Amino acid sequence: MTVELKVPAVGESITEVQIGQWLKGEGQVAEKDENLVEIETDKATVEISAPVSGTISKVLKRTGEMAAVGEVIGYLEPAVDGSASTAATRDQQAAAAAQAQAAQTIKTPKPRHEAVRPAEPRRAPEPKPASEPSKPAPPPAATSQQALVISPEVPHAIPPGREMRRPKRPIAVAPTPRPGREEEAVPMSPIRRRIAERLVEAQQTAALLTTFNEIDMSAVIALRNEHKQLFLDKYGIKLGFMSFFVKAAIDALKLVPQVNAEIRGTDIVYHNFYDIGIAVGGGKGLVVPVLREADRMSFAEIEMTIADLAHRARENSLQLDELQGGTFTISNGGVYGSMLSTPIVNPPQSGILGLHAVQDRPVAREGQVVIRPMMYVALTYDHRIVDGQGAVIFLKRIKDVIEEPMRMLVEV
């Protein structure tokens, strides 16, 4: 009995998906639980697997088309013995036979049956009689498209019955496009559409403002260099900057709780937990997986979790629940070389911290100009909840604990 391939429910608020890549096409066989097609939502990519072993008999929705949850997108013909291996063997044999038959078929040119006439001998031109006078050759007739140029000084030169015409304007010809200037229109993925919607929503519904500061990274760099090998040997992962900033952000959120809040109607909801979203570039676009209860995680747990989430984001294998929620977000544009930016808040959150590239710059220390590894940081916040004073205090706290990491340990 033919099995219907339907779009599964992939989230509470998701009613429509976009068909991604078909991993198995029509006529191809698949074993049970083998992935058949990818479907894309506004949050992640989900794969539909074969409920039974069989052959894809029909594909109803092609790549790029939209489908509703529960809609049939294809049909699977189950294998007779419950295994796709027999069907695969039959398909291979049939394909081999078709190739052999095609190889034996040789196209020959059709013979021409038209009779070829022998060439007739050329006849010499008959001499004209001497008595017949030769007629002068008539002048060539002017075509209708030829412009008649008439001088205004000799109007009498216009032949009778003909009107004066103005020269026709040259017809404009569109230039031939140069190679490499072709255009290609592709449908926007659900993730990209959702990103666009949320960014526009943030700009239209929130009073966004950005505050900046700069941080001397010397202490953190020295601490990393001192313990990086021990950290790598023990946990199997490098000690990065992000774990320090996650810890520093949590410390600052405790000091300024408005940044960890959100607006619901006419209420301000303060979160007494710290689910920190980490913006990473995925295969389909920017995604923000969430570190749940990040305040209870160690440096090693933060680094390992971020590395795992970033890897699966590039592979489009994140789960929907890993992308939902979050009370505050950190975006590190410095990994791409960004020096300064104004990140946009991820609704309904009220703040986002932007990190940037570390660069050696001259700074003043105790009356002397010295070179230090400096980083610009930016806090974009919803001014409806967070005042300018709170934003400055938040960034100042991050600056203090990053420049003196021991303050995070003793909580001062």
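In this predicted model, a network of salt bridges links Asp216, Arg365 and Arg372. The total count of salt bridges is 16.

Another of these pairs joins aspartate 275 to arginine 292, with N and O 3.7 Å apart. The two residues are 17 positions apart and link distant parts of the chain. Aspartate 275 sits in the loop between strand S11 (267–270) and strand S12 (276–281). Arginine 292 sits in the loop between strand S14 (290–291) and helix H5 (299–314). Aspartate 275 has a relative accessibility of 10%, so this residue counts as buried. Arginine 292, at 37%, counts as partly exposed.

Two further salt bridges lie within helices. In helix H5, aspartate 308 and arginine 312 are four residues apart, about one turn of the helix. Their closest N and O atoms are 3.0 Å apart. Aspartate 308 is partly exposed because its relative accessibility is 35%. Arginine 312 is buried, at 16%. In helix H6 (residues 388–403), glutamate 403 and lysine 399 are likewise four residues apart, about one turn of the helix. Their side chains meet at 2.9 Å, N to O. Glutamate 403 has a relative accessible area of 25% and is partly exposed. Lysine 399 has 16% relative accessibility and therefore counts as buried, the cut-off being under 20%.

Glutamine 349 occupies the loop between strand S15 (328–332) and strand S16 (351–365). Its relative accessibility is 7%, so glutamine 349 counts as buried. Beyond its neighbours within four places in sequence, glutamine 349 contacts Ala261, Gly325, Gly326, Thr327, Phe328 and Thr329. Two of these residues are polar partners of its side chain. The backbone oxygen of glycine 326 is reached at 3.2 Å. The side chain of threonine 329 makes a polar contact at 2.7 Å. The C-alpha atom of glutamine 349 also lies 7.4 Å from that of asparagine 260, although 89 residues separate the two along the chain.

Strand S8 (residues 72–78) pairs with strand S1 (residues 3–6) in the antiparallel sense, over four bridges. Here valine 3 has leucine 76 of S8 as its bridge partner. Strand S6 (residues 54–59) also pairs with S8 in the antiparallel sense, over five bridges. In this pairing, lysine 58 stands opposite tyrosine 75 of S8. In a regular strand, side chains alternate between the two faces of the sheet.

On the surface, Met406, Leu409, Val410 and Val412 form a nonpolar patch. Together they present about 420 Å² of accessible area. Valine 412 belongs to the segment after helix H7 (406–410).

How values were computed. Residues are numbered from 1 along each chain as its sequence is written. This is a predicted model: local features need pLDDT of at least 70, side-chain atom pairs count only at pLDDT 80 or more; totals for chains, interfaces and linings use all residues. Side-chain values use heavy atoms; hydrogens and water are left out. Patches are made of residues with over 30% relative accessible area and no salt bridge: like charges are joined within 9 Å, nonpolar side chains (Val, Leu, Ile, Met, Phe, Trp, Tyr) within 5 Å. Accessible areas come from the Shrake-Rupley method with a 1.4 Å probe; for residues, only the protein chains shown count as cover. A salt bridge is a side-chain nitrogen of Lys or Arg within 4 Å of a carboxyl oxygen of Asp or Glu. Two strands pair if DSSP finds at least two bridges between them. Buried means under 20% relative accessible area, exposed over 50%, partly exposed in between (1.4 Å probe, protein chains only). Contact means heavy atoms within 4.5 Å. A polar contact is a pair of N or O atoms within 3.5 Å; within protein, one must be able to donate a hydrogen and the other to accept it, and residues adjacent in sequence count only if both atoms are side-chain atoms.
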